[in-house]
Amino acid sequence: MVHAFLIHTLRAPHAEDTGLCRVLYSCVFGSEKSPDDPRPHGAERDRLLRKEQILAVARQVESMCRLQLQASGRPPMDLQPQSSDEPVPLHEAPRGAFRLAAGDPFQEPRTVVWLGVLSLGFALVLDTHDNLLLAEGTLRLLARLLVDHLRLLAPGANLLLRADRIEGILTRFLPHGQLLFLNDQFIQGLEKEFSAAWPR
Amino acid sequence: MFTVGAESLLQQAREIQAEELGKFCSRICKLLREDDLGPDAVDCLRRLFLIVSATKYNRRLDKTCVDLLQATLCLPACPEPLQVLCAAILREMSPSDSLTLSCNHTQNTRQLSLVASVLLAQGDRREEVNMVAQHILRALESRQPEGPSLRHLLPVMSKVVGLSPGALQEDQTTLLSKRLIDWLRYASVQQGLPHSGGFFSTARARQPGPITEVDGAVATDFFTVLSMGHHFTEDQWLNVQAFSMLRAWLLHSGPEGPGAPDSDDKSELEGSTLSVISATSTAGRLLPPRERLREVAFEYCQRLIEQSTRRALRKGDSDLQKACLVEAVLVLDVLCRQDLSFLYRTLSCLKALHGRLSGDPACVRVLLPLARFFLTHGEAAAVDSEAVYQHLFTRVPAELFHSPMLAFEFVQFCRDNLHLFGRNLSILTLSFPNLFKFLAWNSPALTAEFVALLPVLVDATTAVEILHALLDLPCLTAALDLQLRSLPALSERPLWDTSLRSPSCLEAFRDPQFQGLFQHLLRPKASGTTERLAPLHQLLQPMASCARVAQCSEAVPTLLHAYFAAVTQVASGALTDQLVLVLLERSDSLYRVPQFEARVHRVLSSQFLALCKLKPSLVVELARHLLEFLGSVSGVHSRASMVTSVVWAVGEYLSVTYDRRCTVEQINKFFEALEALLFEVTQSRPSATLPKCPPQVVTVLMTTLTKLASRSQDLIPRVSLLLSKMRTLAQSPAASSPHGEEGAEAIHTRATELLNLLKMPSVAQFVLTPSAEVGSPRYHRDVNMALPLALRTVSRLVEKEASLLPG
């Protein structure tokens, strides 16, 4: 089961350290059991912890992506779109997976699967025994849907104020973090449903 | 591109003040109270979501606002964007103590699902998970004909079971199992109707056809996730979801799961005998639900495996087929673990599958769960698992090391299944060269994994070879790069670093003269021999600036530390000796990646000291080799830390207290060698090619010489002469350039202290060669500091005494 999905910024590999890695969107599906915390601000602390866990994942994904791009000698402009007409070649986008040990930062050991598209990082935080092939496929699907329906290739695109669309896509394609075995026809059906509720 | 715009927006959202936020909330309240919830409301809620989610600290929203959000979420007719935003905002604020949301107020299953997402994010402080579970079950049990779509509920159920396995009672589990059976096995095989039938569409036009397979043929059996149609019915949707959660559900409701009945073993045995008897009978409805579900799951997996032989028309479906294969194998593994009677039926099918897939590089990732299956059940089924591993460990890493996902999965497979290898562990350990290929190519992602894996790989037979391999890891990266360049391209985009061109290296790779060395470097299995790869280090020099090689070289120190931590557990005396020799030899035979040598030297020198501490007698045993090492002067400048450690170790451990075989002759020999070294070091002038020698080398040489002299006292005059020369040299202006002012100062001070100490030979012996009882209660744990302290104390005493003496 997916524990969390996040989208964050990816800075180009050779850029100077301008600014920090920002989490642009994150969704945690259900939460880890909160430790028994009778202190008055326990809830706030939990939320803080959750946010920081997500940020830790984002930072690690960013550095993994940066290292992978450097290692394969791809130019930093690779992360920028060439034009708004070309479909984004997702099967060649930088991607990878790594494991997070227990306690660092989640209570249980988890696996992170990530994908880098258009200077955005997409990541899924999974349980360690999840079907990675399915997770990879789902992540690619989500990235494609988000790029299409949020028109991320258009100039001046942003996704910070489009959370409703992101949520709409997630509730259909990754409901409550459940990875679904969707064939192309099912995907088309769901996309139609989504477009009906969110006309362009 | 996104950073600039996003940055300013995020900043605005974070910096909004409480007062402004309060005004914004009241505006939202006003909008939400209106009957007609238009785009303004959606827009405001989008902004509110950003404000709440942009900061990791809590945002206090007005209670009325929060209440309205909760109410809007549960309105009977509310456009989806609004609902979804309300839920998202409430979820982003979680965990929150002020939530009054409850499943009771929801009007339909979609709302129930959204409310559940908020409740499940509360961290189960008030038993929210149980509450949600009960509501979902109730909704699932209600069988209304045009009832609310159950599609939204199954994923919640799956999440609930994952978060809190004890949330469901035994009978509830059974009930849900029954429904899962229905959805998995008896979903409709006709295509669904399109939603918008319209008033004028005729009955004929709405006649759906049968579902098809991935290759377009009409479906031959029951509906699965690999069945196609233009529109799908409700139960077909539920089929997809049911299979998606099947494995987790089987584990939950299995005998190991918490939902198991009390009389575990007995009912399990009975159940399995029943299923053996009814294995071939299709009237399986006699089985209790749990066993029936397993039977249905088994049939489903078999059908998926059959469906995966078809050639999919679309690439997406082809990818899905592979994911389905992996899942099918995983589910079959669970089934066989829960009920052995499945094993005999599964084996033939999976063996055939393995045979079909082993030749296909596109399906290599399915081989891993297959291998795990054979590892787990191999013994019970008398399967020749060796053949499976041979292919997996010999060919796969060598050909596909460049795929980051496969590399990760392969290494995880090794890590997670160590307990299953049993007697066959040597297959894993002897394949370390192949496994290192994954590491060399994907070092950032896999370093941590290998740090955990090294203790398993390192044993008495492989230890030395692994040390060489780790020291040559960046070289391996370069060689793999060349290998990829010289093979026909596997994909459109080249897998190697295209910004780096090195025709000379490519030529060298193809040169028959170096074939042997390259083959040794790229060998798939441990060979038990070591080859000197120094020629390759030179040949591959142009590639040392390649980013991938540099990344690999950064990982090596960490791996070396992990290696030594592991090897000291298994090292016998002889092995320790061998390792020290490797350290000495390799310290000047490393691939010259920028900063790599310096970092490795640091590790090697500290590990050398650790090994000496473990086995002090090795200094005497390996005296000849150490002398040789100290005799090669040109190495001093490039491996100063190594030299310092060796010299220090000689001073510390070359005495009869550590090894009775230590002779005066040996001490004298070392003395001469060190004396010569000191001369060389101090006479040579730093130039462009020779970096300056750090003053530590000089001081440690002086100290060690003094220590040796204190053990063989006829050397004392020689040492005193040497020390006074050094003192003079340190004072001269010429000394400050090679060593810096502080360095020169340190040398001078140390020389003085040592000279003073030597004036009292018995004290010198006591200070410089303390016996064990004296040595242990030190005030400073750090050995390197205790001696200077002693020296300084004695110096002061001597100087005081000298000043008190008359004349």
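How many salt bridges does the structure hold over all chains? The count is 56. This is a predicted model, and the report below walks through some of its features.

## Chain A at a glance

Chain A has four helices and five strands. From the N terminus on, these elements run β-β-α-β-β-β-α-α-α. The chain has 200 residues, and buried ones make up 61% of them.

One residue in a strand is L126(A). Its place is strand β5, which covers residues 120-127 of chain A. L126(A) has 0% relative accessibility, so it counts as buried. How far apart are L126(A) and N158(A) in sequence and in space? They are 32 residues apart in sequence. From C-alpha to C-alpha, L126(A) and N158(A) are 27 Å apart.

## Salt bridges within chain B

Start with E213(B) and R303(B). Their side chains meet in a salt bridge, at 3.0 Å from N to O. The pair links distant parts of the chain, 90 residues apart. E213(B) sits in the loop between α9 (170-185) and α10 (234-244) of chain B, while R303(B) sits in helix α13 (residues 289-307). Are these two residues buried or exposed? E213(B) is buried, with a relative accessible area of 1%. R303(B) is buried too, with a relative accessible area of 4%.

Next come D472(B) and R586(B). A salt bridge joins their side chains, at 2.7 Å from N to O. D472(B) lies in the loop between α24 (463-471) and α25 (473-486) of chain B, and R586(B) lies in helix α30 (residues 573-586) of chain B, so the pair ties together parts that are 114 residues apart in sequence. D472(B) and R586(B) are both buried.

A further salt bridge pairs E675(B) with R718(B). The closest N and O atoms are 2.7 Å apart. This pair also links distant parts of the chain: E675(B) is in helix α36 (residues 664-683) of chain B and R718(B) is in helix α38 (residues 716-731) of chain B, 43 residues apart. The two partners differ in cover. E675(B) counts as buried because its relative accessibility is 15%, under the 20% cut-off. R718(B), at 35% relative accessibility, counts as partly exposed.

## A network with residues from both chains

Some salt bridges share partners. Which residues do they join into one network? From chain A come R95(A), E136(A) and R140(A). From chain B come K315(B), D319(B), R365(B) and E409(B).

Take C29(B). Its closest cysteine sulfur is in C65(B), 4.4 Å away, so the two are too far apart for a bond. C29(B) is buried, with a relative accessible area of 4%. Now take C103(B). Its closest cysteine sulfur, in C74(B), is 8.9 Å away, which is too far for a bond. C103(B) is buried as well, with a relative accessible area of 6%.

## A negative patch on chain B

Which residues form a negative surface patch? They are E34(B), D35(B), D36(B) and D40(B). D40(B) lies in helix α3 (residues 39-54) of chain B. D40(B) is partly exposed, with a relative accessible area of 48%.

## Backbone details

Two cis peptide bonds can be pointed out. The bond from D104(A) to P105(A) is cis, with omega near -5°. P105(A) is found in the loop between β3 (95-100) and β4 (110-117) of chain A. The bond from S94(B) to P95(B) is also cis, with omega near -5°. P95(B) is found in the loop between α5 (80-92) and α6 (109-120) of chain B.

Chain A also has residues with positive phi. R151(A) has a phi of about 50°, although it is not a glycine. R151(A) lies in the loop between α2 (132-149) and α3 (163-173) of chain A. At 45% relative accessibility, R151(A) counts as partly exposed. H176(A) is not a glycine either, and its positive phi is about 55°. H176(A) lies in the loop between α3 and α4 (184-197) of chain A. H176(A) is buried, with a relative accessible area of 10%.

Definitions and conventions
Residues are numbered from 1 along each chain as its sequence is written. Chains are lettered from A and ligands numbered from 1 in the order in which they are written. This is a predicted model: local features need pLDDT of at least 70, side-chain atom pairs count only at pLDDT 80 or more; totals for chains, interfaces and linings use all residues. Side-chain values use heavy atoms; hydrogens and water are left out. A disulfide is a pair of cysteine sulfur atoms within 2.5 Å. Buried means under 20% relative accessible area, exposed over 50%, partly exposed in between (1.4 Å probe, protein chains only). Patches are made of residues with over 30% relative accessible area and no salt bridge: like charges are joined within 9 Å, nonpolar side chains (Val, Leu, Ile, Met, Phe, Trp, Tyr) within 5 Å. Accessible areas come from the Shrake-Rupley method with a 1.4 Å probe; for residues, only the protein chains shown count as cover. A salt bridge is a side-chain nitrogen of Lys or Arg within 4 Å of a carboxyl oxygen of Asp or Glu. Lys and Arg count as positive and Asp and Glu as negative; His and the chain ends are not counted. The place of a charge is taken as NZ of Lys, CZ of Arg, CG of Asp or CD of Glu. Helices (H or I, at least four residues) and strands (E, at least two) are DSSP runs, numbered from the N terminus.
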